[in-house]
Amino acid sequence: MPARLQSRAQLDALVGRIEQALRDGDRVLQSQLVLESAGLLTKRWSRLPVAEKPAFDALLHGLCGQIDTQARKTFAEGLADLRLGPPRTTRALAGDPAATVAAPLLTRCTSLPPDFLAEVAERATEAHGLALAARSDLAPAVTDALVRRGGGRIAARLLDNPGARFSEVGLAGLLTHARESEAVTLRLALRPDLPPEHRPVLLDLTRARALAELRFDLHRDDDPDPERLIEAVAETLASPISEPRLARFASSDAFVRQRFAAAPPGPVQLERWAGLRRTEDVLAGLARGAGLPLSPTIAAFDAADPSALAAILGGLEHPWSLLKALLILRHGDDVPAATTGLAYERHRRLGPLAARRLVRFGALRGGYLAFPDADVA
């Protein structure tokens, strides 16, 4: 028997078993048939004659209403990558109450229209919304609904998705989420389509978060004014670096990004490089770890005031021994006592969150991110 006819015979036999299981109400057998034959059910769909597809879709739709969660999930995975799957069945599974079933279709299925996706977004749980927010293309009607109905995690995922498009209403809704979510604030502030009047609001939110954390950490009467510290670090990070000096770091930056693509170099590796006076490699590693461009990282190292450098290392939770090694690289063995004392105080007094927020404010004012994924919600 030719292969095509044999495949059709297998499909017909399977359909017959499914129909019998549906008539018998045997849910265990129904789930077993799907688990065993999900591939056959989905792959043969595109080869069916057009006239037979509605009946087959109705059969699958009825079957999916009876089978257990694991079988529905297996079937949904099979349907998710079909260009044009069985429409009734696909929509039913994409709207399934179990997010593990719906997620593959909500994230990957290209045949689901925007109006259906917007309906799902209006009633979605957070798990459904997170799956939907990861689609490669999202129309404003869908993102509006997700922003309106979802929380900060969904909003942040949307902002991480280059295929998500927003209306003015959606962007205004994201601004509301930014008041509760630092992750949303950081991502929203750098969007090129953000209305200009929203940027100062987001910068003020970032500054207020930094100030609140600094006041918590720097609580003694003899502490410097936290507001002055915020400005000093921001000014240091904004210091220009000459092109010839920046060019010296190009090969180190390429080396670190290639060698440490999965995870940035840790403090032991950085301290080893510092001991070998591989300054460019150390600073490229710090930039990689903090999510910073090279220029502000070099500026923090070059500055006479060690506050910005201490904040970067504090945000990475690196030890005092590494900060001290960097001071020696910067100043030589005779580091001024005042510089060492100030650096140690910054290291000792600034907690990781305060340090990260301090650097984030300066970064955002400069038009880039710092520590984009650490402790933000």
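I count Ala, Val, Leu, Ile, Met, Phe, Trp, Tyr, Cys and Pro as nonpolar, Asp, Glu, Lys and Arg as charged, and the others, Gly among them, as polar. The model is predicted, so I take local features only at pLDDT of at least 70 and side-chain atom pairs only at pLDDT 80 or more, while totals for chains, interfaces and linings use all residues. Residues are numbered from 1 along each chain as its sequence is written, and side-chain values use heavy atoms, with hydrogens and water left out.

**Entry 1: cavity**

Grid points are joined across faces, edges and corners, and a volume is the space filled by probe spheres set on the points. I found one cavity of 30 Å³ or more. The volume of the largest cavity is about 40 Å³.

Which residues line the largest cavity? I listed Ala 300, Phe 301, Ala 303, Ala 304, Pro 306, Leu 309, Leu 327, Arg 330, His 331 and Thr 339. By class this lining has seven nonpolar, two polar and one charged residue. I name helices (H or I, at least four residues) as DSSP runs, numbered from the N terminus. Helices α19 (294-302) and α21 (320-331) each supply at least two lining residues, and α21 gives the largest share, three residues.

**Entry 2: α13 and α23**

I compared axes as lines fitted to C-alpha atoms, for helices over the stretch in contact, with angles from 0 to 180 degrees between N-to-C directions. Angles under 35 degrees count as roughly parallel, over 145 as roughly antiparallel, 65 to 115 as roughly perpendicular and the rest as oblique. The axes of α13 (residues 199-217) and α23 (residues 352-366) cross at roughly 155° and come within 8 Å. α13 is therefore roughly antiparallel to α23.

I noted a left-handed crossing for α13 and α23, meaning that the near helix is turned anticlockwise from the far one by less than a right angle. Contact means heavy atoms within 4.5 Å. On the α13 side, the residues that meet α23 include Leu 202, Arg 207, Glu 213 and Asp 217; on the α23 side, Arg 357, Phe 361 and Arg 365 are among them. The contact of α13 with α23 holds nine nonpolar, one polar and seven charged residues.

**Entry 3: α20 and α23**

I then checked α20 (residues 307-315), which packs on α23 at about 125° with the axes 8 Å apart. The two helices are therefore oblique to each other. Their crossing is left-handed. Ala 311, Ile 312, Gly 314 and Gly 315 of α20 meet Pro 352, Ala 355, Arg 356, Leu 358 and Val 359 of α23. I sorted this contact into six nonpolar, two polar and one charged residue.

**Entry 4: Ser 167**

Where is Ser 167? I placed Ser 167 in the loop between α10 (152-160) and α11 (168-178). Leaving out residues up to four places away in sequence, Ser 167 touches Pro 140 and Asp 144. Ser 167 and Asp 144 lie 23 residues apart in sequence and 7.1 Å apart in space, C-alpha to C-alpha.

Note on methods
1 Å grid on protein atoms, 1.4 Å probe; cavity = no way out; pocket = protein on both sides within 12 Å on 5 of 7 lines; lining within 4 Å.
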